[in-house]
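Please examine the model shown below. The paragraphs after it lead through its chains and the contacts between them.

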Amino acid sequence: MALLEVRDLSVTFHRRGEKSTVAVDGVSFDVEPGQTVGLVGESGCGKSVTSLAIMGLLAKRGATVSGSAKFDGTELLTLSDRQMRDRRGRDLGMVFQDPLSSLNPVISIGLQVTEVLERHRGLSRKQAAVEAAELLDKVGIPDPKRRLTEYPHQLSGGMRQRALIAIALACRPRLLIADEPTTALDVTIQAQILALLAELVRETETALIMITHDLGVVAGLCDEVNVLYAGRVVERSGRHDLFRVPRHPYTHGLLASIPRLDAPKGERLSPIRGSVADNIPWTGGCAFAPRCPHAVDRCVETTPEMVVDQVVEGDRLLRCHNPVEPAGRAEQEMLS
Amino acid sequence: MLRYTIRRLLQLLVVVLVLSLLLFAWLRSLPGGPVSALLGERATAETRERLTEELGLNEPIFVQYLKFVGRALTGDFGVSTGVQPGDSAAEIFVQRFPATLELSILAIVIALAVGIPLGYLAARRRGGILDNLSVVSSLIGVAVPVFFLAFLLKQVFAVDLGWFPTAGRQAGGIDATRVTGFFVLDGLLTQEWDAAWDALRHLILPAIALASIPFSVVFRITRASVLDVVDEDYVRTAESKGLTSPVIRRRHVMRNAMLPVVTTIGLQTGALLAGAVLTEKVFAFPGIGQALALGFERRDYPVLLLLILCAAGVFVLINLLVDLSYAVIDPRIRTRGVR
Amino acid sequence: MSTRTDKIDELSARAADDAGVSLAAAAWRRLRRNPVFLAGAGIIVLFVVLAAAAPWLAPHDPSVPMLGDQVVKARNQIPAVQDGHPLGGDQNGRDLLSRLLLGSQQTLLVGVFATLIGLGGGLLLGTLAGALGGWVDTVVMRAVDVMLSIPGLLLAVSIGALFAQPNQYTVILAVAIVQIPIFARLLRGTMLAQRHSDHVLAARSLGVKQRAIVFRHMLPNSLGPVIVQATLVLAIAIIEAAALSFLGLGNPDDRIPEWGQMLGQAQTVIDSHPQLAFWPAGCIIVVALGFTLVGESLREALDPKSRR
């Protein structure tokens, strides 16, 4: 049994006087212990909402969550508020995108680390302070004792994100969700934070859900990748396979729109047409069809189902009527 | 921090100086001027002339001002002509200031004690009955003239129901020992419980009337601020740690939501001082406000000048204190440049 | 003092961030569905109509004692409710209902003129300071700071005391002058926030003249918070005018009625005849509430942060 089993998870937002919108539309995936699973897609594809739904952090009013998310056999979606509070921070940790706004500006880093230790591990303030210093040290924050007395605005962006990681991992959760943990950081810091995350999850055998729009992050970290579009998984694959042979036109488009230093001179980037704003729901056809260069008549007539891909070996799942044909051997080599 | 404080204190000094100049000019341009004020309208031309000379009013205006400043520095602001004829203006201030301070503190305490919890609850149940009711009542609170509210309270709770005294600071029959000039505090210090209780009873109605001004503001700012803060990322982080609701409310929501409320308290002291003029008049409460009201009625210029100057000084000073206390609450200001 | 001024600056900067036509249109859309705004606007319209129709609606002459010489002889004999006088008479024997109806005219005029004068003065000072900067800014804003250091009502009362014979104009003036520094600071804040904004920089880089930038780009975009403040000041002015009367600095000539004056004069007889205070006070509260409701809902509609 997987550590986390998400089945047919859907989230609908309702707003007074407006049409309700389906943000997540039947997402299913598994996370094994110690495994790193990526959720990839443009902003607005539903990847963050998926993680917030699993954590039980969506506002009670205005959002309907259906489907199932089983953690170690326990259904998370039907837990009471109190039961969920006991799990969050202890079994499930989360790291957010913007480390400055995600830390409370008026209380010390120390308290923000120790409060979670006091809450779930029953440590005294003193014990927790000792442990907190160790935690900061472990995530690579120099001079941890002094840092504990400082406030978020006194730390650099990278240090803040390290502190957030320390907080999320303080109680050794079995599942960590990282929601775009490097997006708000400088490029050089991004790599450090990713390396830190990779090291920590390997060391502690924590399962990690990595949410990102950055395929570079996926390439460096994930065992399995789920590509999301308009609230649904459109392609699932092991990391290496995905980069070598993208089958869904959307995945293909994402890969093709990354600038490459080794691209031949004069070669143009090929961005995906349009934007997520051109979203249409998954009814009566493929939601990506309006932006898809491979769209055929079938794509606007019937909604594609998630099926095992017949062309590529391995556990490739695909939601497409007209996938991209694997390119010639030479090109494959170049891409990988 | 220290340099900032010194700079602000210097600013305060400048404001008070400029203000004293303006007030001095104001005094001189008042109808009739100080001579009529002292002698009344029916004095003979001869006595007028003599007094004019005596007061130095025939000298150039800037000489008069300098002399005034010179006397003011020794604490001599002139003698009251109308409020408490014969007493020095400074004496009147010293006598009455504790009364107004006591009243204002109670009013602020009431406003905070009701406004903050109500603001929090209204924000958390946004759009609910409590929210709508309290928003509407805070808006009505703005629209009701303070002195009319004071009248209403006095009529209902003091005159009709007789629960509270109608006027003054202390009942006539009570012979209380005076220590600090704050009657409630005096009663507690000397363990004259009945005197303390009586003084408090005299404070309650005027304090409620006065509290209506800051209450509306404190309530609305708390509500708006809580609405802002609960949407902040760090509250979501706190939730993701599985902290209990009370901890999140106290440590993560209110701690941040209170920052703008603190600012407001400073601003509200101005409104309180103005409101005290009206409330103290209704309840014949012998504070600064009543002296100001009487001063305007009886054109007691020396008293008016000193009291307005002091009111402005207190207002500016309290705002300075609030700004400084802000630094204590908000580490982003406290540790600026320390990094 | 600086906290207070900072607050005004902050409000203006926030509102100046994004103003413009689309904002106004969006604000109007939100307002139309806002019950708070509709209630406030309803109150204002009702009282404006009453004020306009007052000369025809009022059953009696508000300046003539209703029972003729009888009452004038017996002072403090306040006529009770009777046929033709649904609210009775005032302390001088004049029909209360008629005085209330006609009082709406004077009261609204006090509010409107005080606001207009305050707005005009603030507009002038704030625009000068905000548009020119430099020493003009320093001098104007220091003066504004000093004025703001005196609590509003005290300042109004001090100005009111300057006039030997107070009348309705001195009341308006006293209330209006207090509003000038507030408007000035608000405008200067929004202008300052815009001086470095992209659209002003763009206009400047295109060689648009300073005057044109101020009048075509900066002023229109500062209007949002100013309109909000003006609406709130309408309520404040009416209440403060009443406070002036209460302190004996109002218009003593009561042939033309005004609610604040009626309320102020009623204080001497409030114990025996509370209705003389309740009626004008009720009117003041309702009208002030109307303006406050409109002002607050305008503020909410124009605040980019509340658009969730």
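In chain B, 68% of the contacts between residues at least 6 apart in sequence join residues at least 24 apart; here two residues are in contact if their C-beta atoms, placed from the backbone, lie within 7 Å. The model is a predicted one, in which local features need pLDDT of at least 70, side-chain atom pairs count only at pLDDT 80 or more, and totals for chains, interfaces and linings use all residues. Residues are numbered from 1 along each chain as its sequence is written, while chains are lettered from A and ligands numbered from 1 in the order in which they are written.

Chain B contains 14 helices and 0 strands, where helices (H or I, at least four residues) and strands (E, at least two) are DSSP runs, numbered from the N terminus. The C-alpha trace of chain B spans about 85 × 55 × 40 Å along its principal axes. Of its 339 residues, 44% are buried. A residue is called buried if 20 or more other C-beta atoms lie within 10 Å of its own, exposed if 12 or fewer, and partly exposed in between, with C-beta atoms placed from the backbone.

The unreviewed UniProt entry lists residues 103-123, 135-153, 199-219, 257-278 and 303-329 of chain B under "transmembrane region". UniProt positions are given in the numbering used here, feature names are shortened, and annotations may be inferred rather than shown by experiment. How much of the span 199-219 of chain B is helix? This span is 100% helix and 0% strand, and its end C-alpha atoms are 28 Å apart. Residues 135-153 of chain B are 89% helix and 0% strand, with the end C-alpha atoms 22 Å apart.

Chain B touches chain C through 37 of its residues, which meet 39 residues of chain C. On the side of chain B that touches chain C, two or more residues come from each of several elements, including helix H1 (2-29), helix H6 (129-143) and helix H13 (301-329) of chain B. H11(B) provides the largest share of this side, 9 residues. By class, the side of chain B that touches chain C has 29 nonpolar, 6 polar and 2 charged residues. In this classification, Ala, Val, Leu, Ile, Met, Phe, Trp, Tyr, Cys and Pro count as nonpolar, Asp, Glu, Lys and Arg as charged, and the others, Gly among them, as polar.

For chain C, the unreviewed UniProt entry also gives "transmembrane region" annotations, among them residues 144-163 and 169-187. Residues 169-187 of chain C are 100% helix and 0% strand, and their end C-alpha atoms are 26 Å apart. The span 144-163 of chain C is 70% helix and 0% strand, with 23 Å between its end C-alpha atoms.

The contact between chain B and chain A takes 21 residues from chain B and 26 residues from chain A. H10(B) gives the most to the side of chain B that touches chain A, with 6 residues. This side of chain B divides into 4 nonpolar, 7 polar and 10 charged residues.

Chain A itself has 12 helices and 12 strands. The C-alpha trace of chain A spans about 65 × 50 × 40 Å along its principal axes, and 44% of the 336 residues are buried.
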